[in-house]
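Grab a pencil and work through these exercises one at a time. Try each task yourself before you read its solution.

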Amino acid sequence: VITGAALVSFWLGWRAADALGYPLHGGVCDGLRDLSYNFDGPGWTSTLEADFDNGADEWDSIKHPQSGTWTTTSEGGPIEIQIKDLAAYGNTVCSQFGDLQRIELDVAGLSRSEFRGLSTHEAGHAHGLGHAGTGASFDSQTPTMINGCGQPQSVLVSLVSPEQDDYAAISSALSTALHANPSFENSSTFWGKGGGASLAIISGGASDGSKYARVYGSSAYIYQTVRVTDPGDMRGRVNYKKYYGSSSGTIWYGLYARKIDYPQSGCTGFVNDWNLNSPSFPNGTSYVYERGSTFTPTSSWKWSETAAWTEGDPWEGVDVRQYLYNYMNNLGQPTYVRIDNMRTRHLP
Amino acid sequence: MSAAISQSDRWSPGVKIGLMLFALLYLALAGFWFAHQQAEHVDPFYITEPRLQDALRGSDVVVTASAVAPSEGWVSDGLEYRGWSIAVQDVVYQANVPTTAWHESPEDDSMPPVRAEDLTLALEPLGYPSEQRSSSVAELPSAGEYVVGLSWWDTSVFTNRPTPWTISFVGTVTGDSVQFQEMDNDRWQAQIDDVRSRVPATASASDIDLLEMWLAELDAWRSSDVEGAIMAADAHASTPENVALEAWQAADPASRALDPELTPPQVFETLSERQLFVVVDEDAERTDRFLIVRTKTGVAHVARLSGGTHPAPTFTLDGESWEFWISTDPVGSDAWKVAVLPGDVVRNNHAVTVEISAALVDRGTAGADGSQAEVRGLTREAFQSDVEAWQAVEATTTTTAIAP
């Protein structure tokens, strides 16, 4: 009886765990860091196989904050990749317990670059990612993991390389960070700057072999925005250090936010039946400054975090933007500050 | 008792029944677990609202038909297909370049010339049962004239298929017009009308003729990668940048953000960056009050006053005055103006500072005693001096070091 009860509770527990993820909704599959596959069934040609390989490999360009990458992709493993007549472009098929079984791709009517984009998208599901909305990247690009609902077929071309929200999804699925490229291992990708800032990415960060950002400029700033679905309490966190031992001054970390609601969707693949492609902004489209904190760099790497920020009511989503201003001086002149990691995170 | 007594004889009937029930329960639960372990969950990338061009692109052949009747379906690896028997009248289009040609499979040059009598059965994919995809062909009236797009699957490669043909779109024909069997026929019709308005050669074409012209362009595009006039017109209407710009232009300036990630690039490149320094008195730091800075073009900054003193980057059109409002919400639906800074003052300074005192955060108080927010332009040096003075105070109060 105990064994039976355990089986039932295990099943119910899995059902309960099929909840929300961030920044993307969690996929139906538990997710594989290492995707190893074989081409199964009819219809494969050397061109199709090469294009799937290249599309799936795209995820392996996203670097881990310490070393290496978050994921690996290779041919020769158990996951079956099949050509099917779906009239639906692609499926990722899992067992009810979340084990990835196979990926199905429909080539009918697709161009070569569209097929490759579709391959990248489905491989993202294999790594455990769900769907994003079309506006969930802030570099004007289309996230690889968008839901196809309401999109023209040509959007598949845009899915070939992971974008900002996809980077954030990988790091949030496998850690607590909610931003893309938070430690600058992928250079300055996805980071904006202003106020006359110069931004250089240099080796020698807080972790061996890692990189850091050297920010220069008086009142200069860097920033990044991320879309979080089903947000909770969150904080901003930053790891920072002086550039010159003789320098003095501060950095200032500011958080902005805007509330998101989602309409109900007739589309498949959305948790809560939200249509992530058509958000509305009930508190306005502008970001609202919420809070800021001042930190004083020293000659050692130091982590600091902002006070907790909590939305006033249960929001369905939020766009969070973090700013870091440099107010460091050396011998009376503006100078550099080092930033190795900067991100918002959910409170546990 | 003899040692030869069987094991079963040692247990009472009640115990035996209990053991049997336990075994049955265990088997039932194991079966339940096994069933769910084997059941599949699908995460589809499914374009539920395809553009008309997407449906056309998936077609190797387009026919007119006098009847489309239910026929035997097909199930393959859990995927369901409804079968439709098609009485073909005419083959109106056949691709010179098969839609699958790019992947250099054996079927590239093996698609035979299509004869009307070959097209007797076509499949309509319905996906996995869990997807609950409905049949659009089933919504056809029982009699009439139809136009049907079909994609071709080589049955010498996909050997278990009962037919090479899969339906990519279907519509009913009335005179010169086509009524598509899609969830939103009006949207496809609007796309046809949009093409007619943009491409003179199609202005007077019937629906069928226009579809043929469109299909011919797609066929040529597959071999040349060059878009025709119809494809270009359709792309213009669906390009995200164009859609975003039109939405921004249609929005109320009081509700659209001047922001590097929210303003369309075509507009943003006309704006200039300036620094804003907002000084909030402690008594004015309220969670239910917001500062809104806006111009005739849009909203430059919004701040919840409980966040206190802060810097902010702003992007505005040179020469426009800045208006400063206090509001009870971030949208400005209940707001009162507390200051205006003329456009020439903004243009001639590196930064702008505004001071929000407690007297300004209640509508009844603001302005009643003549109180207005203090706003002024700052040179780079004055701005730097103000910010450093603020940070010197902040550094002693808000730094919080934590463990990694």
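**Exercise 1.** How many residue pairs are in polar contact between chain B and chain A?

*Solution.* Start with the ground rules. This is a predicted model, where local features need pLDDT of at least 70 and side-chain atom pairs count only at pLDDT 80 or more, while totals for chains, interfaces and linings use all residues. Residues are numbered from 1 along each chain as its sequence is written, chains are lettered from A and ligands numbered from 1 in the order in which they are written, and side-chain values use heavy atoms, with hydrogens and water left out.

Next, the term: a polar contact is a pair of N or O atoms within 3.5 Å; within protein, one must be able to donate a hydrogen and the other to accept it, and residues adjacent in sequence count only if both atoms are side-chain atoms. With that rule, the count between chain B and chain A is 23 residue pairs, both residues being at pLDDT 80 or more.

Now see who supplies chain B's side. Helix H1 (residues 13-38) of chain B gives the largest share, eight residues. (Helices, H or I, have at least four residues and strands, E, at least two; both are DSSP runs, numbered from the N terminus.)

**Exercise 2.** What area do chain B and chain A bury between them?

*Solution.* First, the idea: the size of an interface is often given as the accessible area lost when the parts come together. Here buried area is the accessible area (1.4 Å probe) that two parts lose on being put together, summed over both. For chain B and chain A the answer is about 7600 Å², with 56% of it on carbon and sulfur atoms.

Then look at the residues: 83 of chain B are in contact (heavy atoms within 4.5 Å) with 100 of chain A.

**Exercise 3.** Which residue of chain A forms a salt bridge with Arg161(B)?

*Solution.* Side chains of opposite charge can pair when their charged atoms come close. The rule for a salt bridge asks for a side-chain nitrogen of Lys or Arg within 4 Å of a carboxyl oxygen of Asp or Glu. Arg161(B) has Asp85(A) as a partner, with 2.8 Å between the closest N and O atoms.

**Exercise 4.** Why does the pair Asp259(B) and Arg321(A) join two chains?

*Solution.* Step one: their side chains meet in a salt bridge (2.8 Å, N to O). Step two: Asp259(B) sits in the loop between helix H6 (240-250) and helix H7 (265-268) of chain B, and Arg321(A) is in strand E14 of chain A, so the pair joins two chains. Step three: both Asp259(B) and Arg321(A) are buried, and buried means under 20% relative accessible area, exposed over 50%, partly exposed in between (1.4 Å probe, protein chains only).

**Exercise 5.** In which sense do strand E2 and strand E3 of chain B run, and how many bridges join them?

*Solution.* Two strands pair if DSSP finds at least two bridges between them. Strand E2 (residues 61-76) and strand E3 (residues 79-94) of chain B run antiparallel and are joined by 13 bridges. To check one position, find Val62(B), which stands opposite Tyr93(B) in E3(B). At the turn, two residues lie between the strands of this hairpin, and Asp77(B) takes a positive phi near 50°. E3(B) also runs antiparallel to strand E4 (residues 121-127) of chain B, with six bridges joining them.
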